[in-house]
Amino acid sequence: MFFQIGDFLVGMAVGVLTALAVRAVMWPGIDMVIAMLIGMGLGMIIHFVVAFAVGPLLGMFQTMMPASVIGMYGGMFFGMRDSMDAGSASWGAAALVGAIFGAVVVAALKVYDRALHGTVLDAEG
Amino acid sequence: MTIAVEDTKRKWDGAAKSIDLLSFADDRRFGGYKRRLFAKMYGKSLMVATGTGNDFKYFPPGLDIDALDISPKMLEKAAPRAEGYPGTLTLREMDVCNLDYPDNTFDTVLTVCTFCSVPKPVVGLSELHRVLKPGGQILMFEHMRSAVAQFGVLLDMMTPLSRKFGPDLNRDTVGNVLKAGFRLRRVENVYLDIMRIIEAVKD
């Protein structure tokens, strides 16, 4: 249970930090491609820092892989959204969207892990 | 001793101070998998890249095990844990790419997160193949490159950094086991397709 809750909290934290960081540096009208690249870069830096900080407590790969998806894709999505002036109305709303995005990615990866889990080759089975 | 071996030794001597920090999550998330894998050990056994001996607690009792590491600092930390093993457990400083054992010595070889770090993994695995008896088994708990594009590319991007203080994250360890001449017996995904159990045999 500790790890399950921890996985979700870390994913939500990466989502919130990425959403807020992107909102802080974007402005409506910025070229969308540039916005997505900047968002991706910010998300990657945030995921890297957070994952390495809490990885020893929760497991390096279980932390790093969801955080990478949240940072990379979340940064791109948030950058795209903010460049179109279609973002959240307030900082709180942006953080909430980031948290939801993080939680959804963590949940999706847990489902995917269950799908991949187990024996994939058994030559003597 | 070559520069590469000295570099590897220096890197892992440095990591010896902090590597046990990772054991908290590893023990709880992967301990059951390791215990189940280690239970398959039999006969004269060899553990490679023993580290600080954190995994000794998963050994079945009563075996005759040689445990190697390239880092003297790691072995210093492993020594008290080795003393507690209810069997014969001998620590030796050795490079897996240049093993000081005759051919066909061991029944079982065990590796845990080892071949992410050996600079020449196929050379190391070939050495393990050499020292295994015909019919002997290699049991591996390893992380490797994911075949899932998103994760594989990410692990590729992170490896130049991770390599400076620890392991490579993008090794094709299953492929390397085959290149070294082993026959795969079983492969199990433990986390995504990154943490895996590999069991192989020497025909």
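Analyst: Let's start with burial: a residue is buried if 20 or more other C-beta atoms lie within 10 Å of its own, exposed if 12 or fewer, and partly exposed in between, with C-beta atoms placed from the backbone. This is a predicted model, where local features need pLDDT of at least 70 and side-chain atom pairs count only at pLDDT 80 or more, while totals for chains, interfaces and linings use all residues. Residues are numbered from 1 along each chain as its sequence is written, and chains are lettered from A and ligands numbered from 1 in the order in which they are written.

User: Is B:Leu192 buried or exposed?

Analyst: B:Leu192 is in the loop between E6 and E7 of chain B (helices, H or I with at least four residues, and strands, E with at least two, are DSSP runs numbered from the N terminus). Its phi is positive, about 45°, although it is not a glycine. Most residues other than glycine have a negative phi. With 21 other C-beta atoms within 10 Å, B:Leu192 comes out as buried.

User: And A:Asp85, exposed or buried?

Analyst: A:Asp85 is another non-glycine with a positive phi, about 60°, and it sits in the loop between H3 and H4 of chain A. It has 10 C-beta neighbours inside 10 Å, so A:Asp85 counts as exposed.

User: What pattern does chain A follow along the sequence?

Analyst: Chain A has 4 helices and 1 strand, and its C-alpha atoms fill a box of roughly 60 × 30 × 20 Å along the principal axes. Buried residues make up 47% of its 125 residues. Read along the sequence, the pattern is α-α-α-α-β.

User: How many residues of H3(A) are buried?

Analyst: H3(A) reaches 33 Å over its 24 residues, close to the expected 34 Å (the expected span is 1.5 Å times one less than the number of residues). It bends by about 25° at A:Gly74, where a bend is the angle between axes fitted to the seven residues ending there and the seven starting there. H3(A) is largely enclosed by the rest of the structure, because the buried count is 22 of the 24.

User: Which residues does A:Ala19 touch, leaving out those up to four places away in sequence?

Analyst: A:Ala19 lies in helix H1 (residues 2-25) of chain A and is buried, with 34 other C-beta atoms within 10 Å. Contact means that the C-beta atoms of two residues, placed from the backbone, lie within 7 Å. By that rule, A:Ala19 touches A:Gly74, A:Phe78, A:Ala94, A:Ala95, A:Val97 and A:Gly98.

User: At which residue does H2(B) bend?

Analyst: H2(B), residues 23-38, has 16 residues, but its end C-alpha atoms are only 17 Å apart, short of the 22 Å that a straight helix would reach. Among its buried residues are B:Ala25, B:Asp26 and B:Leu37, and the cover over the buried ones includes H2 of chain A. The bend is about 65°, at B:Phe30.

User: How many residues of chain A are in contact with chain B, and which element supplies the largest share?

Analyst: The count is 21 residues of chain A against 21 of chain B. H2, H3, H4 and E1 of chain A each supply at least two residues of that side. The largest share, 6 residues, comes from H3(A).

User: Which residue in E6(B) stands opposite A:Thr119?

Analyst: E1(A) and E6(B), residues 183-191, run antiparallel and are joined by 4 bridges. Strands count as paired if DSSP finds at least two bridges between them. The residue opposite A:Thr119 is B:Glu188.

User: In which sense do E1(B) and E2(B) pair?

Analyst: E2(B), residues 64-69, has 5 of its 6 residues buried, so it is largely enclosed by the rest of the structure. It is joined by 6 bridges to E3(B), with which it runs parallel. Over 4 bridges, E1(B) and E2(B) pair in a sense that is parallel.
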